[in-house]
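Hi,

I'm passing a structure over to you, as promised. Have a look at it first, then read on for what turned up.

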Amino acid sequence: MDAVRPGQNPGRTRACSLRVSVVLVRLIRAYLRPYTRTITLIVLLQLVQTLATLYLPTLNADIIDDGVVKGDTGYILTTGGLMVAVTLVQIVCAICAVYFGARTAMALGRDIRADVFDRVQSFSAREMGRFGAPSLITRTTNDVQQVQMLCLMSFTLMVSAPIMCVGGIAMALNQDVPLSGLLLLIVPVLGITVTLIVRRMRPLFRHVQERIDTVNRVLREQITGIRVIRAFVRDGHERTRFTGANAALMDVSLRAGRLMSLMFPTVMLVVNLSSVAVVWAGGHRIDSGGMQIGALTAFISYLMQILTSVMMATFMFMMVPRAEVCAERVQEVLDTGTSVVPPLKPVALPAGGGRGLLELRGVEFRYPGAEEPVLRDISLTAHPGRTTAVIGSTGSGKSTLLGLVPRLFDVTDGSVHLDGVDVRDLDPAVMSRSIGLVPQKPYLFSGTVASNLRYGNPDATDEELWRALETAQARDFVEAMEGGLEAPIAQGGSNVSGGQRQRLAIARALVLKPSVYLFDDSFSALDYATDARLRAALTDETGEATVVIVAQRVSTIRGADRIVVLDEGRVVGSGTHGELMDGNQTYREIVLSQLTEQEAA
Ligand SMILES: Nc1ncnc2c1ncn2[C@@H]1O[C@H](COP(=O)(O)OP(=O)(O)O)[C@@H](O)[C@H]1O
Ligand SMILES: [Mg+2]
C-alpha cells in the first residue's frame with residue numbers, strides 16, 4: 001500500500017548523471033511528439049537560413065575579386081542584388097523559425113504544466129506532505145520553464161550550430177586549403193577554453209538554484225508567519241535569517257557572474273588572436289600570389305561563423321545541467337501515483353440516492369512513517385436523521401477520523417462504508433455530492449462570498465445562499481459587508497475573522513445539501529450563544545441527513561443522539577450524555593473539567 005517513490009530509486013547515486021540526462025530527453029521527447037510536423041518545418045527553415053548565411057561571404061568575395069578588382073560595375077550590381085535576395089531569404093527563414101520554435105516551446109511548457117497540475121490534483125494528503133506546497137509550485141512553474149527554455153534554445157541552435165560549424169569549415173577549405181590548416185589549431189583552442197570555464201560554472205549554477213529555493217522558503221515562511229513574528233518581536237532574528245540566505249545567494253551568483261564575465265574577454269581574445277594570425281598568414285599567401293583579397297575576407301567571415309557556432313553550442317550545453325535537474329524534479333511529480341487510488345469500477349449509490357448511513361468497521365489508521373497507529377479498531381455507525389458527536393482531547397484522532405470518510409486518507413485496515421458501499425469503491429462524483437466536510441481549519445478561496453458558497457454546488461440560487469448563511473448565523477455580517485454576496489474574499493479567507501470563516505465554511509457545506517455532514521470542531525471559534533443558535537438552526541436544516549459533530553466543548557455535543565468518546569485513537573465509550581455520565585470515567589472527567597456537577601446533570 002506504499003506509494004511509489006521514484007526519488008528513492010536505489011540505483012540512483014551510481015548512475016545519477018546518466019539517468020538524469022535520460023529523464024530530460026525522455027520528458028522532452030514525450031511532450032514534443034504531437035508537434036513533429038512543426039518541428040520538421042523548423043528544421044527545414046533553420047537549414048535554409050544557415051545555408052544562406054554560409055553563402056553570403058562567398059558572394060562578397062566574388063564581388064571583391066571579380067567585380068572590384070576588375071572594375072566590373074555590372075557584375076558588382078548583379079551579385080550585390082543576389083546578396084540582397086539571399087539576405088531576404090535568410091531573414092524570412094530566421095523569423096519564421098524563431099516564431100514556430102517559440103510557439104512549440106511554449107506549447108510544450110503548457111502541456112507539461114497541465115499534466116503536473118492534473119497529477120497534483122490527484123494527490124492525497126500523503127503525497128502533498130512528501131513534496132510540500134512550495135516545492136510543487138516551483139516544479140510547476142520555474143522547473144517547467146527551464147526545460148521550455150532549453151527546448152527553445154535547441155530549436156535555434158541544434159540545427160544551425162553544427163551546420164554552421166561543418167559548413168563553415170567546408171567553405172573555408174573551398175576558399176583556401178593551406179590557410180584552413182589554422183582552423184585545426186584555433187577551433188580546439190576555443191573549444192577547450194570555453195569547456196574549462198563552463199565546467200567550473202556547472203556546479204555554481206546548481207548552487208544558484210538551491211539558494212534561490214532557500215530565499216523563497218525563508219521569505220514564504222516570514223510572509224505567512226508575519227503575525228507570530230510581530231507578536232514575539234522576532235523581527236531582528238528573521239531579518240538576520242533572511243540576510244543570511246540572501247547573502248548566500250548573492251555570493252554564489254557573484255562567483256558565477258565573475259566566471260561569466262571572464263568568459264567573454266577570453267573568447268574574444270582567442271577570436272581576435274585568430275583573426276590576426278589569419279590576416280598575417282593570409283597576407284603572405286596573397287603576397288606570394290597564392291590567394292586573392294576577397295578570398296581572405298570570406299575566410300575571416302567563415303572563421304567568425306565557425307567560432308560563433310562553437311560558442312553558441314557551448315552556451316547551450318551550459319543550460320543543460322540546470323534543465324536536467326528541473327526535468328528530474330518535474331518527472332518525479334509525474335511518476336508519483338496517488339495513495340488514494342480512484343476506484344476501478346466506481347459504484348454509484350443504490351437507486352433513489354443514498355440516505356447517508358455511515359459505518360466504520362474495525363478501522364485502523366497509521367500516518368505514513370509513524371510507528372503507532374493514530375486510530376485503532378474503531379467501529380461506529382452514524383444514522384440518518386440523527387446527530388452523532390465525537391469528543392476527545394486534542395490529538396485523540398478526531399480530525400483523522402473524519403478525514404477517512406471523504407478519503408483525504410485511506411484506512412490502513414478495516415473499512416468505511418457509506419450506505420453500504422465501501423468509500424474506496426464509491427464513484428468520486430457521488431462521494432463529493434454526498435459528503436459535506438467542514439474542516440477544522442476551513443479554507444476559503446479568493447473570489448467572492450457567493451463564489452465560495454457555490455463551491456460544491458454551482459447551481460445554487462441566491463435565495464439558497466442566503467438561507468444557508470442564515471442557518472450558519474452568518475447572514476448579519478455578510479449583509480454588513482460591502483457588496484453582500486458579491487463581497488470580495490481574499491486568498492485563504494484572510495479578510496474575514498476566524499469565526500466568520502468557520503461560519504462561511506458551514507454555509508458552504510449547507511449549500512451542497514449532502515446526505516452526510518461532518519463538522520470538525522466547527523463551532524469552537526463561536527461564543528456560547530451563537531453556538532447554541534447555530535446548532536438549533538442546523539437541526540431544522542439538516543433534517544434527514546446524517547450529522548457528525550466533532551467538538552471539545554461539552555455544551556456543543558451534550559444534546560446529541562449519541563456521543564462517541566475517543567481516547568488515544570480508541571473508542572472508550574458511546575451513548576447519550578446521561579448514560580455516559582453514569583458509566584464512563586473518561587467522559588465524566590472531560591465534562592467535569594468544563595462544567596460543575598449541577599450543570600452536568
Ligand atoms: N499529517 C500528519 N502526519 C503525522 N501525524 C499526524 C498528522 N496529522 C496528525 N497527526 C497525529 O495524529 C494524531 C491525531 O491527530 P488529529 O486527528 O488531528 O487529532 P484531533 O483532531 O483529535 O486533535 C496526533 O497525535 C497527531 O500528532
Ligand atoms: Mg482536530
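Two housekeeping points first. This is a predicted model, in which local features need pLDDT of at least 70 and side-chain atom pairs count only at pLDDT 80 or more, while totals for chains, interfaces and linings use all residues. Residues are numbered from 1 along each chain as its sequence is written, chains are lettered from A and ligands numbered from 1 in the order in which they are written, and side-chain values use heavy atoms, with hydrogens and water left out.

Let's start with the metal. The magnesium ion (ligand 2) has Ser-399 (OG) and Gln-440 (OE1) as its protein donors, 2.0 to 2.2 Å away. Donors here are N, O and S atoms within 2.8 Å of the metal (3.2 Å for Na, K and Ca), and water is not among the atoms, so sites may look incomplete. Ser-399 belongs to helix H11 (residues 398-404) and Gln-440 to the loop between strands E6 (435-438) and E7 (447-448), so the two tie together parts 41 residues apart in sequence. (Helices, H or I of at least four residues, and strands, E of at least two, are DSSP runs numbered from the N terminus.) Ser-399 is partly exposed at 31% relative accessibility, and Gln-440 is partly exposed too, at 36%. Buried would be under 20% relative accessible area and exposed over 50%, with partly exposed in between (1.4 Å probe, protein chains only).

Ser-399 also turns up around ligand 1, in a shell that includes Tyr-367, Val-374, Lys-398 and Thr-400; a residue is in the shell if one of its heavy atoms lies within 4 Å. By type, the shell has two nonpolar residues, seven polar and one charged. (Ala, Val, Leu, Ile, Met, Phe, Trp, Tyr, Cys and Pro count as nonpolar, Asp, Glu, Lys and Arg as charged, and the others, Gly among them, as polar.) A polar side-chain atom of Thr-400 is 2.4 Å from an oxygen atom of ligand 1, and a backbone N or O atom of Lys-398 is 2.8 Å from an oxygen atom of the ligand.

Finally, the sheet. Four strands form an open sheet in the order E2-E1-E4-E5, with antiparallel pairing; strands pair if DSSP finds at least two bridges between them. E2 and E5 (421-422) are the edges, each with a single partner strand, so one side of each has no neighbour in the sheet. In strand E1 (residues 358-365), six of the eight residues are buried. Leu-360 stands opposite Leu-380 in E2, and Leu-358 opposite Leu-418 in E4.

Cheers

Methods:
Polar contact = N/O pair within 3.5 Å; in protein donor to acceptor, adjacent residues only side chain to side chain.
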